[in-house]
Amino acid sequence: MSFVAEFDTLPLDASRKRCFSATATNVRQALTKRHLALADFAALISPAASELLEPLCRRSQSLTQQRFGKVIRLFAPLYLSNECVNNCQYCGFSRDNPILRVTLSVDEVLREASALKEQGFRNILLVAGEHPRFVSKNYLADCVRALHDEFPSISLEVGPMEAEDYRPIVRAGAEGLVVYQETYDRAIYAELHTAGPKRDFNWRMETPERAYAAGFRRLGIGALFGLADWHFEALCVAAHADYLLRNCWKGQLTISLPRLRPCAGQFEPLTRMTDRDLVQLVCAFRLTFPDAGLVLSTREPAKLRDGLVPLGITLMSAGSHTEPGGYTGAGKEHLHQTVRGRIVELGASEWATGNGNEPHATGQFDIADERSPQEVAERIRRLGYEPVWKDWDAALTA
């Protein structure tokens, strides 16, 4: 049974009620357990647990060090293209946004990757909007193949595909696939996705299973917090994680916890998730899924990221750019502007340029932690942890 079929039978309303009715006793009981069920997770994200945040953090920190040691893996996103056929109201790449777009050539991708390698990265995430004309399976395989000798760990965050379309990309050297459901609330999902293949909720939800069937060894999931109530989203992500650990058990699981950031289109969050809520959620995921990787991006400010390092996070981005060509300016000669999906004469746009005079491709969202990778790595060391730029090589499975 696919997760879609299981998801449609989940007692989500009852789980949410259990979350909001949990008592301090329920939380303390969950903190003493070695193996937690989804009902315990509901207690750990409850308002009652918010009042017990200190013991929750202590238990999470202890468990993280026990399972992962005192290390933080670092990665960088490398944006290949901001072309997209989808209309997603919360995304800067949304088809109807009048932004500057470009798709990097393979040589330009190598130029961007070389800059990341010089900074120390050996773990990269290739990101692109969903546009089959510009971002085809062959293009992605070509990019991965060109990068594989220098980057032993390559993951993708791109439009969902069939398992057969993923296989050539895996053979080229990709080892991970990340796909956020964005929101697990079907009604909100339908309202926010107004055009394009991303409107298909079920197709997107089944993507990790197709990726696993195609041979990806790492699967990444998550919700975009700010679209629906965060407790509901967290319960759904936890149920999805539980399913994948049971059914895709040969793979490694990562869970991302992104919150909405400002972007082209000026979309405002529909719900609020505080910093304290995020801390509580990181701890709840760590206690419930002790071996899952927990990912924190530069969407979050430096001070909060530093505070979360000891509490359960195992994988962090650093020095990120969310636009194609952001690290070197690659592709700027090929910029074009689109309005409602149509290419128009290049002109001024309130989102087209940054603080400089030269136009550049529009980013997916604004980052909050603008420190360099070296500054992030040094801060991790000062916190008593070791930044890890590379932790896996294909030779290990030869």
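Which residues have the most contacts inside the largest nonpolar core? In this predicted model, they are Leu126, Ile255, Leu281 and Phe285, and the core that holds them has 109 residues. Residues are numbered from 1 along each chain as its sequence is written. Because the model is predicted, local features need pLDDT of at least 70 and side-chain atom pairs count only at pLDDT 80 or more, whereas totals for chains, interfaces and linings use all residues; side-chain values use heavy atoms, with hydrogens and water left out.

A nonpolar core is here a set of buried Ala, Val, Leu, Ile, Met, Phe, Trp, Tyr and Cys residues joined through side-chain atoms within 4.5 Å. Buried means under 20% relative accessible area, exposed means over 50%, and partly exposed lies in between (1.4 Å probe, protein chains only). In soluble globular proteins, nonpolar side chains tend to be buried together. The 109-residue core is the largest, and helix α13 (residues 230–247) gives the most to this core, with eleven residues. Helices (H or I, at least four residues) and strands (E, at least two) are DSSP runs, numbered from the N terminus. Phenylalanine 285 is in contact (heavy atoms within 4.5 Å) with Phe41, Ala234, Val237, Ala238, Ile255, Leu257 and Leu294, residues up to four places away in sequence not being counted. A second, separate core has 25 residues, among them Cys88, Tyr90, Cys263 and Ala264.

Charged side chains were examined next. Side chains of opposite charge can pair when their charged atoms come close. The structure holds 24 salt bridges, each defined as a side-chain nitrogen of Lys or Arg within 4 Å of a carboxyl oxygen of Asp or Glu. One of them joins arginine 259 to glutamate 300, with an N to O distance of 2.5 Å. Arginine 259 lies in the loop between β9 (252–256) and α14 (275–288), and glutamate 300 in the loop between β10 (293–296) and α15 (302–308), so this pair ties together parts that are 41 residues apart in sequence. Arginine 259 and glutamate 300 are both buried.

Another salt bridge links aspartate 306 with arginine 371, whose closest N and O atoms are 3.1 Å apart. Since aspartate 306 belongs to helix α15 and arginine 371 to the loop between β13 (342–344) and α16 (373–382), the pair ties together parts that are 65 residues apart in sequence. Both aspartate 306 and arginine 371 are buried. By contrast, arginine 381 and glutamate 378, which meet in a salt bridge of 3.5 Å (N to O), both lie in helix α16, three residues apart, about one turn of the helix. Arginine 381 is partly exposed at 40% relative accessibility, and glutamate 378 is partly exposed at 34%. Through shared partners, salt bridges also join Arg305, Asp306, Asp369, Arg371 and Arg379 into one network.

Arginine 101, in strand β3 (residues 99–101), is buried yet has no salt bridge. The nearest side chain of opposite charge is that of glutamate 83, 4.6 Å away (Lys and Arg count as positive and Asp and Glu as negative; His and the chain ends are not counted). The side chain of arginine 101 instead reaches the backbone oxygen of phenylalanine 93 at 2.9 Å, and a polar atom of this side chain lies 3.3 Å from the backbone oxygen of asparagine 97. Residues touched by arginine 101 include Asn82, Glu83, His334 and Thr338.

Lysine 117 is found in helix α7 (residues 106–118) and is partly exposed, with a relative accessible area of 29%. Lysine 117 and glutamate 150 are 33 residues apart in sequence, and their C-alpha atoms are 8.0 Å apart in space. Lysine 117 touches Arg122, Glu150 and Phe151, residues up to four places away in sequence not being counted.

A disulfide is a covalent bond between the sulfur atoms of two cysteines. With a cut-off of 2.5 Å between cysteine sulfur atoms, the structure holds zero disulfides. For cysteine 91, the nearest cysteine sulfur, that of cysteine 88, is 6.0 Å away; cysteine 91 is buried, with a relative accessible area of 13%. For cysteine 236, the nearest cysteine sulfur belongs to cysteine 19, at 12 Å, and cysteine 236 is buried at 0% relative accessibility.

How values were computed:
A polar contact is a pair of N or O atoms within 3.5 Å; within protein, one must be able to donate a hydrogen and the other to accept it, and residues adjacent in sequence count only if both atoms are side-chain atoms.
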